[in-house]
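Student: Can we go through this one together? I'd like to start with the core.

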Amino acid sequence: MEIRQLKYFLSVADCGSFTEASRRCYLSQSALSQQIKALEDELKTRLLERTPHHVVLTESGRELLPLARQV
């Protein structure tokens, strides 16, 4: 797990959108998505539920959120 991945996770959680988070982080949407996927793979859990128009935190995502903010 890398700090930048947590930063990207926080951005997606705050924005509720990969598109807006990618703009905020100055990354392509696909690069941001790959980093979130890598974080999910490492933690062996889904952090975000993706829909066509927005993103919602899963239970695991809600548990990670305050810890990521502390880092």
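This is a predicted model: local features need pLDDT of at least 70, side-chain atom pairs count only at pLDDT 80 or more; totals for chains, interfaces and linings use all residues.

**Core and helix packing**

Tutor: The largest nonpolar core has 18 residues. Those with the most contacts inside it are Phe9, Val12, Phe18, Ile36, Leu48 and Leu64. A nonpolar core is a set of buried Ala, Val, Leu, Ile, Met, Phe, Trp, Tyr and Cys residues joined through side-chain atoms within 4.5 Å. Buried means under 20% relative accessible area, exposed over 50%, partly exposed in between (1.4 Å probe, protein chains only).

Student: Which element gives the largest share of this core?

Tutor: That is α1, with 5 residues. Helices (H or I, at least four residues) and strands (E, at least two) are DSSP runs, numbered from the N terminus.

Student: Which residues of α3 are buried?

Tutor: Leu32, Gln35, Ile36, Leu39 and Glu40. They sit on the same side of α3, because they cover an arc of only 140 degrees around the axis. The arc is that of the directions from the helix axis to the C-beta atoms.

Student: What covers them?

Tutor: The cover includes α1, α2, β1 (48-50) and α4.

Student: Switching to Ser11: buried or exposed?

Tutor: Ser11 is buried, at 4% relative accessible area. Ser11 lies in helix α1 (residues 3-15). Beyond its neighbours within four places in sequence, Ser11 contacts Ala21, Arg24 and Cys25 (heavy atoms within 4.5 Å).

Notes
Residues are numbered from 1 along each chain as its sequence is written. Side-chain values use heavy atoms; hydrogens and water are left out.
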